[in-house]
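Student: Could you take me through the reading of a protein model, feature by feature, with the general idea placed before the particular case?

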Amino acid sequence: MCHMWHIKQLAVHACGEHQRLQGASWQMFVLVLVAVSFAACCGAAVVPRDQRYASPDAERGHSWGGAWRVKAPLLGHSLMHHSGEVYGQEATSTLPIESLRAVAEQTFGDQPLCVLDLCAAPGSKASQVASQLHIDLLVANEPQKTRAALLQANLLRAGVSEALILSMDGTRIGAIMPNAFDVVLVDAPCSGEGNIRKDPSAWDRWAHNDHPQQLQSRLNLQKDLMSSGWQALRPGGLLVYSTCTLNHEENERQCCQLQEQGAQVVRLDEQLVPSTPEGFLRVWPHWLDVEGFFVACFYKETTHVDPAAQMDCLSLGKMGFRRLKTSEVAGLQERVLQELHFSLPPGIPVMDKEEDVFLLTKRLPLLQKLLPHTLLPGIRLLSKQQISKELRLVAGGNLSSEEWLDLYKSAGGGLGASSLSLKSAVDAPTAWKAFQEMKQQRLEPDIVSYNTLLNAFAKDSDGAGAQEVFNEMTDVSVTPGVVSFSVLIEAHARAGHRKAAEQAFRIMQELGLQPNEVTYTALLRARLLSGDLLGAEDLQNELNVVGYTLLIDAYARVGNVEKAEAAVDALSMNAAPNLATYTALMKAYSRAHQLQGAEAVMSRMKAQGLEPNSITYVTLIAAHGKAKSLQRAEELYKEQGPNLASATAMIGAYGRAKDAERAQGVFDELCAQTVRPDAICCRQLSQALTGARPQSERKVYCKLQPSVLLSRERICNASRNAFEASIASHGRARQFCAEGCCSGFFAG
């Protein structure tokens, strides 16, 4: 049994061939986990959802087993996330459903299940249930209307078509629908003590004067929810209880009270580790470097229940519905298949008084007492004779991220959908527009929304804009946290406002907020960009990998190999240097004209299993070019393969050796690959050509060498094209134009 589970990045398990198949709808929930080891229970790839709704013409087989390793911050910006094909979760948050899946396979086999998620919003565990269990119906409850709408949008986005969304007091469901569900999940509201890794203030709740009263209130709610869930569970069914807290009262004590009602503990020690003596699953943060979690599973002893006592006659007319005729259903199915390439799942198609068409669950006769508490009686198929946004969200398709987000918003995504739009903004003005739209919808931005907006201004190096956002946070009583201050300092640093960055750091400390590695790295950047290398060195013991890499790069700029190596050694004591770190170290050796040292860094890099990238190769090619070691530069160029960066470095190397012919050859090879040279590449070639002859001979050289003149004309054209492209993309050409490089490239 391996209890070491170190989280550094998320492993997203998905199918190797993740494109949706023509004519099929196989939206999937992909479990986002750490692929290291936890008794193999949390690292297993998730199987695809049952494809019983796919078109008969769709290909049935999929190639599963591929895996993307995606850093957490990038996942939320991906199209897979926007389209609902992946859903990010804290690793231990997946354990309740992992536990349930392991036990349900033994208890129910292949039987389709009716599942109740009593506390379902925002929908991570409900989506996981739909992905991993063979369900006939998922009833997901959230008492708050706005959160229930978000829950519904998240399930639709994940392609869950078998869901009925309730918005009611969960403690009442058991009395309304006794003995109705095969599986009940109670992921209860709790004190959240297990979240101390990401929220250290969770410990502070113990020190509050009202902590005993708050704890007792939660205990009462948890007990009532468990009792309601137990009452709603049919004999022979399973109930899973979970919390993200650590104390005995909210966990083992509640389980003991349920046992007094006749619940039998299903021991999880045979399924998952580590478990308690009682057979419950408990994860401690300091054991596994994850969030703390508690899971318990119970079995309800089988007794005879008269199905007729539960089943009311279904009267669609009394409910305000008309069942569609067979011909109407056939026409609807054909239309949906043609427009969305999606086959409708089984159900009861009905039309309401407004002539909207819904697909009701087959279990409606059993559950119709819950209908007054649903957001919708089922999936809306048509609205005003048009395909509904809900159905489009479920069916999916080849949509862009923006189209997915628009659908998600319109389906009730609320603040979550607006936050996704904010995260997806390409620049600060776009993020600001999304932020204003959020407020126009009368959604109250939370601290995450403000931090996301701050980050957009930081990426644009707009310190003044970031400061305005920060000031608005405090004006509307959204208390800035460590992340808020860290991003603000980063924005000021990138903008070159060292004084403002230092001031934000001091205010943060005065408020009693503890700076973290990200904060110190942002402050380091501010000091480095202001030229204060000594001040930056004062922060060395507080840095993360990014911070150390910045410091090493600063040493590289002055050719201080000794200090660069010392910084790498200091970093290695706490974390592994990455590719950027080694490349910065290589630059230090290059600047110090120590080729053997630079080559040794390349060897160290490969020994660590790191694959050199184009920046690494360019750094080493440039180093050999400066030393006029052309043979080794050519070897590296061939090893890397021609691309814009390596070709530019190689042209520069030939230019230093005054070898205009081979410089021209590299340029021609680049153009032959339809790679458009940029202004830097063109300038390197110009310098190589004009530098190949003494100054006094250059005008004569131009007259006597028509082939070279032709090449220069080609370079001019390529340069102009590159400038136009640069202006359209990132404005770098403006800098060259301002310096007069374009007009003066080929002056004789």
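Tutor: What follows is a dialogue about this predicted model, moving from the whole chain to single residues.

Student: How many helices and strands does the protein chain have, and what percentage of its residues is buried?

Tutor: The protein chain has 34 helices and 17 strands, and buried residues make up 53% of its 748 residues. Of the contacts with a separation of 6 or more, 68% are between residues 24 or more positions apart. The chain exposes about 33900 Å², of which carbon and sulfur atoms supply 51%.

Student: How should I read salt bridges, and how many does the structure hold?

Tutor: Side chains of opposite charge can pair when their charged atoms come close. The structure holds 26 salt bridges, and one of them joins Glu142 to Arg147, with the closest N and O atoms 3.5 Å apart. Glu142 counts as buried because its relative accessibility is 7%, whereas Arg147, at 34%, counts as partly exposed.

Student: Which parts of the chain does the salt bridge between Arg380 and Asp356 tie together?

Tutor: In this pair the closest N and O atoms are 3.1 Å apart. Arg380 lies in strand E16, while Asp356 is in the loop between strand E14 (348-351) and strand E15 (357-360), so the bridge ties together parts that are 24 residues apart in sequence. Both Arg380 and Asp356 are buried.

Student: Where do Asp553 and Lys587 lie, and is each of them buried or partly exposed?

Tutor: The side chains of Asp553 and Lys587 meet in a salt bridge, at 2.7 Å from N to O. Asp553 belongs to helix H22 (residues 545-557) and Lys587 to helix H24 (residues 579-591), so this pair ties together parts that are 34 residues apart in sequence. Asp553 is buried, with a relative accessible area of 17%, and Lys587 is partly exposed, with a relative accessible area of 27%. Elsewhere, salt bridges that share partners join Asp356, Arg380, Lys389 and Glu390 into one network.

Student: Is Pro377, which lies in a loop, buried or exposed?

Tutor: Pro377 is in the loop between helix H12 (364-367) and strand E16 (379-383), and it counts as buried because its relative accessibility is 15%, where the cut-off for buried is under 20%. Beyond its neighbours within four places in sequence, Pro377 is in contact with Leu164, Phe321, Phe358, Leu360 and Leu371. Its C-alpha atom is separated by 8.0 Å from that of Leu359, 18 residues apart along the chain.

Student: Finally, how should I read backbone angles, and which residues does a cis peptide bond join?

Tutor: Most residues other than glycine have a negative phi, and most peptide bonds are trans. A cis peptide bond joins Ala121 and Pro122, with omega about 5°, and Pro122 is in the loop between strand E5 (113-117) and helix H4 (124-132). Asn179 has a positive phi, near 55°; it lies in the loop between helix H6 (173-176) and strand E8 (181-187) and counts as partly exposed at 26% relative accessibility. Lys384, also not a glycine, has a positive phi of about 55°; it is found in the loop between E16 and strand E17 (386-387) and counts as exposed at 71% relative accessibility.

Note on methods: Residues are numbered from 1 along each chain as its sequence is written. This is a predicted model: local features need pLDDT of at least 70, side-chain atom pairs count only at pLDDT 80 or more; totals for chains, interfaces and linings use all residues. Side-chain values use heavy atoms; hydrogens and water are left out. Helices (H or I, at least four residues) and strands (E, at least two) are DSSP runs, numbered from the N terminus. Buried means under 20% relative accessible area, exposed over 50%, partly exposed in between (1.4 Å probe, protein chains only). Contact means heavy atoms within 4.5 Å. Accessible areas come from the Shrake-Rupley method with a 1.4 Å probe; for residues, only the protein chains shown count as cover. A salt bridge is a side-chain nitrogen of Lys or Arg within 4 Å of a carboxyl oxygen of Asp or Glu.
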